[in-house]
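Okay, thanks everyone for coming. I'd like to walk you through one structure today, so let me put it up on the screen.

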Amino acid sequence: MEAKEISLEMKEYLVAAGAQTLDHCMQCGLCSALCPWRMVSGHISEVFYIRKMQRLGQLGLEGFDTEEVLFACTTCGICQLNCPRQVKIIENVRSMRSTTVEAGFVPAPVRSVVGSLHANGNPWSGPREKRMDWQQGVEVPAFSPDTEYLLFVCCTSCYDPRSQRIARSVVDILKKGGVNFGVIGEEESCCGETVRKIGDEELFKKLAESNIKLFKEKGVKKIITTSPHCLYTFKNEYPELGGEFEVIHYTQVVAGLVEEGKLVPNVPLGKKVAYHDPCYLGRHNEIFEAPRTLLKAIPGTELIELSRARERSLCCAGGGGRLWAEVPRGERFGELRVLDAEAKNANILATACPYCVIMLEADCLALDKQEKIKVMEISELLSASMGRES
Amino acid sequence: MDKKLAVYICTGCGIGDALDVDALSKVATKEYKVPVCKSHPFLCGAEGVELIKQDMEGEGVNTIVIAACSMRVNYDVFNFPNAIVERVNLREQGVWCHPANDEDTQMLAEDSLRMGIVKAQQSSPPEPFQAENLSKTVLVVGGGLAGLTAAAEAARAGYKTVLVEKNPSLGGWVTRLYKQVGLKPPYSELEDVDIAQRVKEVEENPNITVYKGAQIEKISGAPGMFDVQIRQNGNLATERVGSIVLATGAVAYDATRLGHLGFGRYPNVVTGEMFEEMAARGELKRPSDGKEVKSVAFILCAGSRDKEHLPYCSAICCTESLKQALYVKEKDPEATVYIFYKDMRAAGNYEFLYQRVQKEGALFFRGEIAGIEEDGGSMVVEFDDVLVGDRIRTEPIDLVVLATGMVPTTAIGERLVVQADEQGKESEPPADEIIKSNILNLEYRQGPELPTLKYGFADSHFICFPYETRRTGIYAAGSVRAPMDIPSTIKDATGAVLKAIQCIELTAEGSAVHPRVWDLSYPEFFMQRCTQCKRCTVECPFGAINEDEKANPLPNPTRCRRCGTCMGACPERIISFKNYSVPMIGNMVKAIEVPEEDEEKPRIVIFACENDAYPALDMAGINRLTISPWVRIIPVRCLGSMNLIWIADALSKGIDGILLLGCKHGEDYQCHFIKGSELASYRLSKISETLNRLALESDRVRMEQVGIMDYDRIPQIIEDFVSKLEEVGPNPYKGF
């Protein structure tokens with residue numbers, strides 16, 4: 001049998017690139033067992049074991065860097081949350097990806113994403129000057145030094161027509177709630193969360209530094225995000241680059257208004273609403289109550305908990321750059337969320353993340369369940385309940 | 001003692017509702033002419049107990065049959081000093097596992113009462129064995145960590161101690177360590193070796209006599225009166241001691257047998273002990289060329305958990321190697337450490353040490369070594385890594401350290417099997433192997449050292465009876481008993497010395513030690529009828545009986561555990577306890593009423609071991625499982641006390657079948673007396689002779705092994721036997 005050579009140099013490279021807890025892994029395999037890939041069949045499920053990927057990294061052995069292994073993780077974080085050794089598994093994945101991405105190799109599905117980020121500052125190949133097209137006649141206040149909050153709209157909701165509705169709904173409820181906010185617009189760049197997970201550290205830094213500089217110039221102190229991904233990176237990754245801002249997700253702001261009675265949804269929807277906890281809102285940012293407070297505040301709404309909720313929520317499969325991956329039907333764990341909602345007799349599958357909306361809506365269509373289950377962002381439901389057609 | 005018998009029938013706990021108590025009373029008053037027979041609805045309550053006490057005072061009652069619950073409960077309530085108390089189990093094994101107000105249940109209860117009355121009639125109160133010139137000194141053999149701890153603990157508890165160490169100084173294996181693993185939180189920090197402090201405490205204690213550079217030449221006697229001859233510097237000293245702690249530890253496995261791991265072939269492959277010496281000198285250098293070591297591989301389980309070498313886990317190699325990995329990292333944080341293991345067994349708090357070594361950057365490999373080669377003065381290891389699922393190859397390594405396992409000192413020596421006859425007859429039950437390790441040099445008929453359990457460790461049953469060896473009054477502690485690390489050894493030695501102290505005190509009271517601590521009876525030999533057949537001297541699981549030159553048995557009551565194996569072995573039936581004897585049980589069998597064949601009510605006698613089978617039968621009742629009404633249960637101290645005459649008695653009386661319920665025997669036995677159930681099984685293999693004489697089928701006698709948790713299996717075990725007996729048909733001796 002031909003023995004594979006250990007490379008301590010490669011291992012040291014990974015550690016230096018951010019996999020500082022790589023050696024802490026004791027290979028118990030809880031990560032692989034909890035991984036959503038175990039819940040589906042297919043090629044990736046067969047080849048991708050996060051436990052083994054850590055092992056190969058520990059020894060600098062070839063194998064962790066084959067494309068379908070290296071880019072399989074959705075960074076949902078369920079393994080990391082439960083790791084008995086507190087291994088920062090996602091950091092390790094990120095540093096492993098950086099070994100190939102920084103060497104110029106970018107997997108095909110995200111090549112255009114990286115290119116567009118370089119060129120346009122957004123992953124959606126949308127020109128910079130169209131970043132504010134989502135407004136479509138809605139009057140949105142511009143940010144000025146005496147505005148309290150910057151509303152940072154996720155690139156997805158700037159460019160994707162379906163997702164633009166989310167941005168408009170958020171604006172609508174913030175206005176009705178009397179929040180002092182404004183937007184910057186064209187000069188903004190993508191927050192960089194996803195591209196960092198893809199492994200392009202350099203590009204992330206470029207985007208983040210440009211945003212930090214912009215926010216500082218405009219006098220931004222507090223930021224409301226529409227996406228939990230932007231929330232995560234502003235809160236956890238910008239400070240070490242000098243960007244210290246008070247960052248909050250829109251559901252938190254609005255839940256506060258509802259609790260204070262400043263915002264009263266009053267149009268009954270008469271729907272059974274199942275709530276899908278986005279990984280980045282729930283596990284990564286520990287925001288579980290605010291979205292539920294909002295759904296419960298809508299009159300005539302029955303809130304349904306999916307069989308996996310809160311810390312145990314099952315990923316939609318759209319994180320870690322996998323929003324752009326092509327996965328055959330039957331191998332997408334987002335489909336399991338739709339089926340779960342159906343089994344619980346929900347009419348609406350609500351969530352609070354633009355990525356989740358894209359993924360779950362596609363899964364719903366793929367399963368031909370779009371007549372039975374509608375995928376909605378919470379802001380859209382709230383806005384509707386306050387008398388606005390979304 | 002003039003006996004006055006009384007029978008008390010409790011009607012509580014459903015007994016009175018299920019049985020005809022008047023009819024049951026008539027068994028006592030009419031059949032056995034018992035002068036006092038009363039029933040009470042709550043006999044274990046204050047009023048019930050008072051009733052019995054009044055009869056003892058007023059009527060002179062001194063022999064009491066309590067027909068109520070199992071003997072395993074309320075033994076403290078029904079405890080009447082100076083009286084014989086016999087319990088009849090009407091509850092757990094009566095109405096709780098048989099239908100109420102049923103003819104067969106009533107017959108069962110009546111037979112149970114008959115057996116209880118007969119046993120009470122024939123019992124005498126035990127008179128405890130009182131030996132003279134008893135010593136309360138503890139002998140500790142071995143002056144390493146276990147021995148030092150045992151001696152210090154005994155002295156702290158107020159017992160004089162004699163410590164014998166073969167080396168010229170105390171401290172043992174631990175003295176050779178550079179550092180020791182942390183014994184206190186956070187457990188991940190290495191500590192300076194603290195053995196000198198322990199040695200000092202022992203050497204300065206006026207209650208501890210230390211013999212260094214000494215060996216035990218001979219130990220004769222028995223608990224409470226062991227006479228020990230100690231050879232030191234050519235002089236012979238004598239000490240009388242009460243009990244013994246064996247703490248001679250273990251030695252490292254012979255690395256010269258590990259050529260496949262490179263030892264002896266390559267200079268840069270060393271053992272863990274050699275590495276300790278290197279670390280203590282402060283020189284981590286390659287033996288081949290003196291180059292400073294930049295990378296070290298530790299190979300765990302080197303010769304352990306390997307059927308070619310030591311099949312067991314040596315317990316300390318993981319933590320010791322983790323500790324040594326830190327020696328490397330302390331000297332040079334940039335040095336590479338490889339740790340190859342089968343399973344990481346950093347037990348207890350040493351998980352923290354394991355985590356620390358991981359965080360220091362050591363590389364861990366789980367799997368099997370595929371090969372070790374030299375490559376230009378460096379070593380290269382090929383390894384089948386379970387977690388990668390592939391064979392991998394290391395970068396060049398400066399030094400390979402083999403974590404060799406431990407071999408108990410009791411495992412080293414010539415093997416000896418002691419049989420009744422020097423030739424060793426084929427028909428004999430399997431005898432224990434004794435390894436002549438030259439440690440205790442016991443003057444015992446069954447050999448000079450302790451029988452070992454597995455792999456030469458001097459233990460009896462590591463779960464049920466820790467520290468107990470198979471020689472009463474001798475308790476093993478530390479790695480001579482099982483492989484163990486420093487904290488376990490300290491705990492173990494403390495536990496063993498407590499057992500040694502208990503033995504001393506119980507012996508002084510004339511009581512048995514574990515597992516029959518309350519028992520004041522002991523076997524008495526009616527020597528006029530002894531035929532010097534040696535069965536008792538060979539079969540006693542504890543080597544309690546010596547022999548004179550004419551093969552007469554010489555009992556040592558303080559070595560005895562009161563299991564009755566000798567009583568079961570004796571073909572002449574000359575061995576009896578005051579409250580347990582061959583005729584006593586035989587007469588209980590004879591007291592069972594056997595219906596005529598045409599009544600179609602078969603009878604089965606169950607001899608049930610008191611330790612596991614009897615409580616399992618009780619638990620069947622507690623769980624209200626239904627048991628065949630044909631069985632009559634007789635508890636026995638151990639199946640080893642079963643004498644074949646009981647089977648002959650039962651069959652010649654017309655009993656249809658006999659079921660022996662005893663503990664698991666053989667490998668991983670659960671017998672509380674080690675060999676009792678095994679000996680019963682062996683004797684049963686010889687029963688065909690008896691059955692042939694009676695022209696009966698061998699299917700009528702069956703032995704089953706049950707554990708205490710097997711209560712749910714018991715109804716089926718009995719039912720299967722009943723079906724078998726139905727096939728065989730009724731015993732033709734009915735009515736004779």
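First, the ground rules. This is a predicted model, so local features need pLDDT of at least 70 and side-chain atom pairs count only at pLDDT 80 or more, while totals for chains, interfaces and linings use all residues. Residues are numbered from 1 along each chain as its sequence is written, chains are lettered from A and ligands numbered from 1 in the order written, and side-chain values use heavy atoms, with hydrogens and water left out.

Let's start with salt bridges. By that I mean a side-chain nitrogen of Lys or Arg within 4 Å of a carboxyl oxygen of Asp or Glu. Over all chains, the structure holds 84 of them.

In chain A, take Lys176(A) and Asp172(A), whose closest N and O atoms are 3.3 Å apart. Both sit in helix α10 (residues 161-176) of chain A, four residues apart, about one turn of the helix. When I say helix, I mean a DSSP run of H or I with at least four residues; strands are runs of E with at least two, and both are numbered from the N terminus. Lys176(A) is partly exposed at 38% relative accessibility, whereas Asp172(A) is buried at 13%. For the cut-offs, buried is under 20% relative accessible area, exposed is over 50%, and partly exposed is in between, with a 1.4 Å probe and protein chains only.

Over in chain B, Lys38(B) pairs with Asp55(B) in a salt bridge, with the closest N and O atoms 2.8 Å apart. This pair links distant parts of the chain: Lys38(B) is in strand β2 (residues 36-40) and Asp55(B) in helix α3 (residues 46-58), 17 residues apart. Here Lys38(B) is partly exposed, at 29%, and Asp55(B) is buried, at 5%.

Then there's Lys179(B) with Glu330(B), a salt bridge at 3.9 Å, N to O. Why does this one tie together parts that are 151 residues apart in sequence? Because Lys179(B) lies in the loop between β6 and α7 of chain B, and Glu330(B) is in helix α9 (residues 317-331). Lys179(B) is buried at 16%, and Glu330(B) is partly exposed at 42%. There's also one network, where salt bridges that share partners join Glu31(B), Glu110(B), Asp111(B), Arg114(B), Glu593(B), Arg603(B) and Arg632(B).

Now cysteines. How many disulfides does a search of the whole structure find? Zero, over all chains, with a disulfide being a pair of cysteine sulfur atoms within 2.5 Å. The sulfur of Cys79(A) has its closest cysteine sulfur in Cys31(A), 6.0 Å away, so that's too far for a bond. Cys79(A) is buried, by the way, at 10%.

Back in chain A, have a look at helix α4 (residues 50-59). Nine of its ten residues are buried, so the helix is largely enclosed by the rest of the structure. Among those buried are Ile50(A), Arg51(A), Met53(A) and Arg55(A). Just after α4(A), Gly60(A) takes a positive phi of about 60°.

Which brings me to the backbone. Most residues other than glycine have a negative phi, and most peptide bonds are trans. Asn74(B), though, has a positive phi near 60°; you'll find Asn74(B) in the loop between β3 (63-68) and β4 (84-89) of chain B, partly exposed at 21%. Ile674(B) also has a positive phi, about 65°, in the loop between β30 (657-662) and α17 (676-685), and Ile674(B) is buried at 3%.

As for cis peptide bonds, one joins Pro185(B) and Pro186(B), with omega about 5°. Pro186(B) is in the loop between β6 (161-164) and α7 (195-204) of chain B. Another cis bond runs from His514(B) to Pro515(B), with omega near 5°, and Pro515(B) is in the loop between α11 (486-509) and β24 (524-525).

That's my tour; happy to take questions.
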